Amino acid sequence: MWRELWPVVGDHVLWLYNTSLKLQHTPCRWKTARIITLQKPGNADYTIPKAFRPISLIPTISKGLEEAVAARLSFITETYSLLPSKHFGARPRRSVEQALNALVEKIYQAWRQGEIVSLVSFDVKGAFNGVHSDVLERRLAARQVPSLAVRWIRNFYDSRHA
């Protein structure tokens, strides 16, 4: 849909995005999600809640700006090496296979030294919603992410509704 509409509305959308960034403000409607539930396929009993998967839908206009800011943050992160080299999540040119290879190598290294290896894993899906805003702001500022971007990011995730 956006591909077809862009020649007509593109300049207006870019103006909205630039204004949002300059004002460090995301419109409330862009932060309001609609939750719908989908039936998980193959369940015998749809009277139980676990037979459904909730999904969150936000207005597509906000996704474009979110994607642009995420791309800029990714660029800053990679250009200035702001993350440890062994951090693989949500980074360009980093794969699950590379992460597993690094993990396996660490395990073999520990075994060669006669150490015992334990592994604890966490499911962090949806962790963004649990981010402590003050901590995130301090960490972004400490990594010299521009203050304009830091304030926009804070406004972006504050007061989200579903």
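**Exercise 1. Decide whether K63 is buried or exposed, or something in between, and find its salt-bridge partner.**

Solution. Start with the accessibility: K63 has a relative accessible area of 39%, so it counts as partly exposed. The cut-offs, using a 1.4 Å probe and protein chains only, are under 20% for buried, over 50% for exposed, and partly exposed in between.

Before going on, note that this is a predicted model, where local features need pLDDT of at least 70 and side-chain atom pairs count only at pLDDT 80 or more, while totals for chains, interfaces and linings use all residues. Residues are numbered from 1 along each chain as its sequence is written, and side-chain values use heavy atoms, with hydrogens and water left out.

Next, the partner: the side chain of K63 meets that of E66 in a salt bridge, at 3.5 Å from N to O. A salt bridge here is a side-chain nitrogen of Lys or Arg within 4 Å of a carboxyl oxygen of Asp or Glu. Both residues sit in helix α2, 3 residues apart, which is about one turn of the helix. Helices (H or I, at least four residues) are DSSP runs, numbered from the N terminus. E66 is partly exposed too, because its relative accessibility is 25%.

**Exercise 2. Work out which residues R154 pairs with in salt bridges.**

Solution. First pair: R154 bridges to D134, and their closest N and O atoms are 2.9 Å apart. That joins distant parts of the chain, with R154 in helix α5 and D134 in helix α4 (residues 133–142), 20 residues apart.

Now check the accessibility. R154 is partly exposed because its value is 23%; D134, at 35%, is partly exposed, and E137, at 22%, is partly exposed as well.

Searching the whole structure turns up 6 salt bridges.

**Exercise 3. Find which elements build the largest nonpolar core.**

Solution. Count first: this core has 13 residues, and Y17, L65, W152 and I153 have the most contacts inside it. A nonpolar core is a set of buried Ala, Val, Leu, Ile, Met, Phe, Trp, Tyr and Cys residues joined through side-chain atoms within 4.5 Å.

Then sort by element: α1 (2–23), α2 (60–79) and α5 (147–157) each give two or more residues. The biggest share comes from α5, with 5 residues.

Finally, pick W152 and list its contacts (heavy atoms within 4.5 Å). Skipping neighbours within four places in sequence, W152 touches S20, L21, Q24, H25, T26, L65 and V69.

**Exercise 4. Place N101 in the fold and say how far N101 is from F156 in space.**

Solution. N101 belongs to helix α3 (residues 96–112). With 48% relative accessibility, N101 counts as partly exposed. From C-alpha to C-alpha, N101 and F156 are 36 Å apart, and 55 residues separate them in sequence.
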